[in-house]
Amino acid sequence: MNTTHTPGPWRVEGRTVVTSNWPHRRWIIARTSGPTLEEQTANARLIAAAPELLEALERCAFLLQR
């Protein structure tokens with residue numbers, strides 16, 4: 001699967017997920033919504049973990065193909 005995305009790491013600022021490795025500019029990845037601030041923050045943390053989760057899944061897929 002060849003999909004491109006904004007490279008991680010991503011970080012959470014309140015309920016917003018932003019890039020943290022771009023040297024000259026911060027890019028907004030997502031803004032979360034939900035009924036409570038706690039839920040919004042939890043959703044932002046999950047989204048921010050996406051690059052690391054993708055990397056782990058790709059490693060698992062590689063190992064399973066051996």
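I began with helix H2 (residues 50–65), where arginine 59 and glutamate 55 both lie, four residues apart, or about one turn of the helix; helices (H or I, at least four residues) and strands (E, at least two) are DSSP runs, numbered from the N terminus. I worked on a predicted model, in which local features need pLDDT of at least 70 and side-chain atom pairs count only at pLDDT 80 or more, while totals for chains, interfaces and linings use all residues. Residues are numbered from 1 along each chain as its sequence is written, and side-chain values use heavy atoms, with hydrogens and water left out.

Arginine 59 counts as partly exposed at 48% relative accessibility, and glutamate 55 counts as partly exposed at 43% (buried means under 20% relative accessible area, exposed over 50%, partly exposed in between, with a 1.4 Å probe and protein chains only).

I searched the whole structure and found three salt bridges. Glutamate 13 meets arginine 11 at 2.7 Å, N to O, and glutamate 13 also meets arginine 26 at 2.3 Å, N to O. The latter pair links distant parts of the chain, 13 residues apart, with glutamate 13 in strand S1 (residues 10–13) and arginine 26 in the loop between strand S2 (16–19) and strand S3 (28–31).

For accessibility I noted arginine 11 at 33%, glutamate 13 at 31% and arginine 26 at 44%.

Notes: A salt bridge is a side-chain nitrogen of Lys or Arg within 4 Å of a carboxyl oxygen of Asp or Glu.
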